[in-house]
Amino acid sequence: MKHVIIGTAGHVDHGKTTLVKALTGIDTDRLAEEKRRGVTIEPGFAYLDFEDGTRAGIIDVPGHERFIRNMLAGSGGIDLSMLVIAADEGVMPQTKEHLGILSQLNISDGLVVLTKTDKAEPDWIELVREDVSELVKGTFLEDRPILGVSAQTGEGLEELKSKLFQLQSNLSEKNHSLPFRLPIDRVFSVEGFGIVVTGTLIEGSVKVGETAEIQPSGTKATIRNLQVHGDNVETAYAGQRTAISLAGIKKGSTARGDVVSAEGMLEVTSRLDVKLSVLPDTERKIKNGAEVHFFHGARSMLAKVFLYEKREIEKGESAFARLKLTEPLPCKRGDRFVVRFYSPLETLGGGVILDASPSERVRRDDGALSALQIREKGTQTEVAELAAFQLGRVFSVADLCKRADLDKKSCNEASKELLESKHIIELSEGKYASSKIIEQISEKCADLLKDYHAAFPLRAGMNIAELRQKLMPETETSDVSSVLKIFADRGQLIVSSNTVKLSEFKPNYTQAQEKIREKLLSELENTGYEAKSPEELAAMYSKNEKRDFEQVFESMVSGGEIVMLSPQVYWLQGVYEKGVNQITKHFENNETLTLAQCRDLLGTSRKYTLALLEHLDAKKVTKMVGDSRILLK
């Protein structure tokens, strides 16, 4: 079933509350002070039943200038607006201000109601109609119905009700599969229910028993009970005025302006990138560095404005801006907000949030502006591609959903498109990276290895752990290994168990060092399994050759030409492979291998046999079980 919220707006004492009562039979002035003063201070709530059985919620918001903040708190989630203007008074200051606020909140449909027609002459009402037509020109209410009614005589009420039914029938049904979100506009305690919060459910659907998150504190709570228009329900849907009883939280732990939402749905931020607009009928500008009152849902605070493209925004203009907030704000991309002048209080304009998690530094280059344009008008795939790049690291689909501010379904669809177009790369199951980020890492990796090879021309490559730390700090080892594998598969790198080098790199030996290398190769090949210790190998060279021997020997070990089994046992790579092959062949017909069997198999002494077996144990190729070893892989 479709769920619609209708909101009133207009100058104080123009008959909004009386109109709602005439339509619904419900008096939305609930506070004693409101009754005494005859004005609405807090938003009031009612519902309107139509003949087909559908029901629309109605929010009656305050009109007095002093209560604009409360008007803004109640306006979240409005689908249709009734701009109320008293026929005997006509357009007034708050009429214009409320219309500007509704426009900034992106309310796209509604109508104008001329109340108190029983108190005005027909000629005067006609003049008011002309003023109203001029007022709404260029707004979402241009060419919408202007209906005259009298709550006292009942004149025009049925026509108004019929028009509201027609308008709500034309609205699209909300997406109830989204994670739920409810900005809190009231908090109170009820005996037997505990803490109860109310607001308009602006996204998704929520069920009794679900776990909720209260932002900005991050407190978790269980949905104990739900009510819609005073009736207990198991599920509440976007577009319904909802009361939520929360279990597991203490009195005073939540307040008006907080948001109840599904877990992990919202960013909590103190800085925003936005598209900021100034109302066309204000005489004020928004200058770079200006301080403004910022209103979002039921939350308000001060904010400082930093403009990206210009020094000031004139009336009727828009521009990209960074807002630095004085308090943490739970929000997401696409949320609307209103800004008012700091002093005197006057509505300046508003806009839309484009990035709820921007970089700390304000960048004014073409790349930053292009990113904001994508977040403003891009497709979901373009926004997801941008988010993948802005994450700048290995990510999951959940990470991407949050950075792009996309629901799970839309994000999965976008991810699939980006994988097919190779704009993102799957590194391993559930782990992805932007192809642009991979290219940046590739360039950084090449630069690191070039510098390393220049500094250590005889070493076969950089230690892989050192490269991981310098290349992708704070990234899981498996994720870095997946990235390095991409570069190796492209032929850019050669990755061994311990080192990484550029594929074209070769140790740069001098003529004297090359002779030392050849002598070492010959010696280790001739001695086979019973190779000399490093000290015995070093003794083969003169005192003047000692430094060169150390460098060559280290280079051959780091490059894999020589394999270290233990600090005293080093084998030539070919000899090592021969020994491993003999052991592997043994396991083809046997389940275990003893030290004595291995010694006889290799035809060498216990010293060398034990070094090889312990080396294979450390690599988890074999495993000691009792006095024997078994093959692990």
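Some ground rules before we start. This is a predicted model, so local features need a pLDDT of at least 70 and side-chain atom pairs count only at pLDDT 80 or more, while totals for chains, interfaces and linings use all residues. Residues are numbered from 1 along each chain as its sequence is written, and side-chain values use heavy atoms, with hydrogens and water left out.

Helices (H or I, at least four residues) and strands (E, at least two) are DSSP runs, numbered from the N terminus.

Let's begin with the barrel. In which order do the six strands close into a barrel? The order is S17-S22-S20-S19-S23-S24, and the pairing is antiparallel. From one strand to the next, the twist averages 40 degrees. Angles here run from 0 to 180 degrees between N-to-C directions, and axes are lines fitted to C-alpha atoms, for helices over the stretch in contact. To say that two strands pair, DSSP has to find at least two bridges between them. Take strand S17, residues 267–278, and strand S24, residues 347–355: they pair in the antiparallel sense over six bridges. Within that pairing, Leu-276 stands opposite Gly-351 in S24. Helix H4, residues 93–104, packs on this sheet and touches S17, S23 (336–341) and S24. The direction of H4 makes about 145 degrees with that of S23. Contact, by the way, means heavy atoms within 4.5 Å.

Now a parallel example. Strand S4, residues 80–86, pairs with S5 in the parallel sense over seven bridges, and Ala-86 has Thr-115 as its bridge partner in S5. How many of the seven residues of strand S5 (109–115) are buried? Seven of seven. Buried means under 20% relative accessible area, exposed means over 50%, and partly exposed is in between (1.4 Å probe, protein chains only). In a regular strand the side chains alternate between the two faces of the sheet. For S5, Asp-109, Leu-111, Val-113 and Thr-115 are buried on one side, and Gly-110, Val-112 and Leu-114 are buried on the other.

There is also an open sheet of three strands, in the order S27-S29-S28, with antiparallel pairing. Its edge strands are S27 (462–463) and S28 (493–495), each pairing on one side only. S28 and S29, residues 499–502, share three bridges, and Val-495 has Val-500 in S29 as its bridge partner. Helix H11, residues 435–455, lies across S27, S28 and S29 and runs at about 95 degrees to S29.

Next, helix H18, residues 595–602. Its buried residues are Leu-595, Cys-598 and Leu-602. Seen down the axis of H18, they fall within an arc of 65 degrees, so they line one face of the helix. That arc is taken from the directions from the helix axis to the C-beta atoms. An α-helix has 3.6 residues a turn, so residues three or four places apart point the same way. These buried residues pack against S31 (569–572), H17 (573–589), S32 (593–594) and H19 (606–618). After H18 comes Gly-603, with a positive phi near 70 degrees.

On a 1 Å grid over the protein atoms alone, a cavity is a set of points where a 1.4 Å probe fits but cannot get out; a pocket is an open set with protein on both sides within 12 Å along at least five of seven lines, and lining residues have an atom within 4 Å of a point. The largest pocket holds about 1000 Å³ of space. It is lined by 37 residues, and the closest to its centre are Gly-77, Leu-105, Ile-202, Gly-334 and Arg-336. A volume is the space filled by probe spheres set on the points, with grid points joined across faces, edges and corners. There are two cavities of 30 Å³ or more.

Finally, two neighbours in sequence. Val-233 sits in strand S13, and at 23% relative accessibility it counts as partly exposed. Glu-234 is in the loop between S13 (231–233) and S14 (235–237). Is Glu-234 buried or exposed? Glu-234 is exposed, with a relative accessible area of 58%. Leaving out residues up to four places away in sequence, Glu-234 touches Val-206, Lys-207, Val-208 and Leu-226.
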